[in-house]
Amino acid sequence: DELEQMLEKAGEAFGTATEMLEDVTGWEEINSTGEITTYKKPTEYGYNAIKLEAFFDKPFKAAADYAYQHLHEWEVVHSDMASSTIEKTFNDGSMLRKDVTKPHGPVSAREGHNYVSKQELDENTISILATSSPQEHPVSEGNVKGDLKFSLQMFMPVGGDPNKTHYQVVECIDPKGNIPNMLINQIVVDRAKLYEGGVSELKKNL
C-alpha cells in the first residue's frame with residue numbers, strides 16, 4: 001500500500017543520508033556562527049548537498065517534537081518555499097507534504113510531494129527524515145517536479161545531558177531541469193538558512 005511504499009523509500013533514503021553524514025571528507029564550510037556551522041559538498045546530481053551542525057541548551061526530545069510539528073511552517077518563513085502543506089497524516093504519525101518553491105525569473109517553481117517521518121532510533125537519538133514520495137502526484141501547470149533525495153535531521157543529547165541538544169542536518173536535492181550555476185549556489189545557501197532559522201525557532205520557543 002501507499003505507506004509501505006513510502007516506508008521502503010524512506011529506509012533507503014535514511015541509509016544514504018547517514019552514510020553522507022558520517023563521511024567527513026569533501027565538505028566545505030559555508031558559514032559558522034559559533035554554535036551553528038554549515039557545510040556544502042558536491043554530489044553526483046551536479047548539485048551541492050548541505051550539512052549543518054549545532055549545539056544549543058534545549059532538551060533534545062522537546063526540540064525534535066517541536067521541529068517535527070513546525071517544519072512545514074519554517075519552510076515558508078526561513079526558506080524559498082512559496083507553500084508547504086501537510087496533505088495527509090498516517091496512523092504512525094508520519095505525513096505527506098506538498099512543497100512548492102518560488103519561481104526565479106525564467107526558472108520555474110519546483111514542486112514535490114515529500115514523505116516526512118520522525119523516529120526514536122534509540123533513547124539518545126531521534127531522527128526526522130523527509131524524502132520524495134515514490135507515488136505519482138500531478139504537478140501544477142508551469143511547475144517542474146523536483147526530487148528531494150533526503151533531508152535528515154538528527155537530535156541527540158550533548159555529553160549525556162538530555163537538556164542540551166546536538167543537532168545535525170544533511171540534505172540533498174535534485175531540482176531537475178536546467179538551472180543556472182549562480183542559482184544552484186543560491187539554493188544551497190537558502191537551504192542552510194532554513195535549518196539555521198530552525199535552530200533560532202527552537203531556542204526561542206522551547
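Look at the outward side of helix α1 in this predicted model: the face turned away from the helix's buried side carries the exposed residues Glu4, Glu8, Glu19 and Glu22. The helix itself runs over residues 2–22, so to speak, as a 21-residue stretch. From first C-alpha to last, α1 reaches 30 Å, close to the 30 Å expected at 1.5 Å a residue.

Now turn to the other side. The buried residues of α1 are Leu3, Met6, Ala10, Ala13, Ala17, Thr18, Met20 and Leu21. Why do they end up on the same side of the helix? Because they cover an arc of only 145° around the axis. And what lies over them? The cover includes the strands β3 (48–56), β5, β6, β7, β9 (147–158) and β10 (161–174).

Strand β6 takes in residues 110–122 and runs antiparallel to β5 (residues 95–101), with six bridges joining the two.

Next comes β7 (residues 125–132), which pairs with β6 in the antiparallel sense over eight bridges. Here Val116 stands opposite Ala130 of β7. Getting from β6 to β7 takes a hairpin through two residues.

Strand β6 has one more pairing to look at, with β8 (residues 144–145), and this one is in the parallel sense, over two bridges. To find it, look for Arg110, which stands opposite Val144 in β8.

How values were computed. Residues are numbered from 1 along each chain as its sequence is written. This is a predicted model: local features need pLDDT of at least 70, side-chain atom pairs count only at pLDDT 80 or more; totals for chains, interfaces and linings use all residues. Side-chain values use heavy atoms; hydrogens and water are left out. Two strands pair if DSSP finds at least two bridges between them. Helices (H or I, at least four residues) and strands (E, at least two) are DSSP runs, numbered from the N terminus. The expected span of a helix is 1.5 Å times one less than its number of residues. Buried means under 20% relative accessible area, exposed over 50%, partly exposed in between (1.4 Å probe, protein chains only). The arc is that of the directions from the helix axis to the C-beta atoms. Contact means heavy atoms within 4.5 Å.
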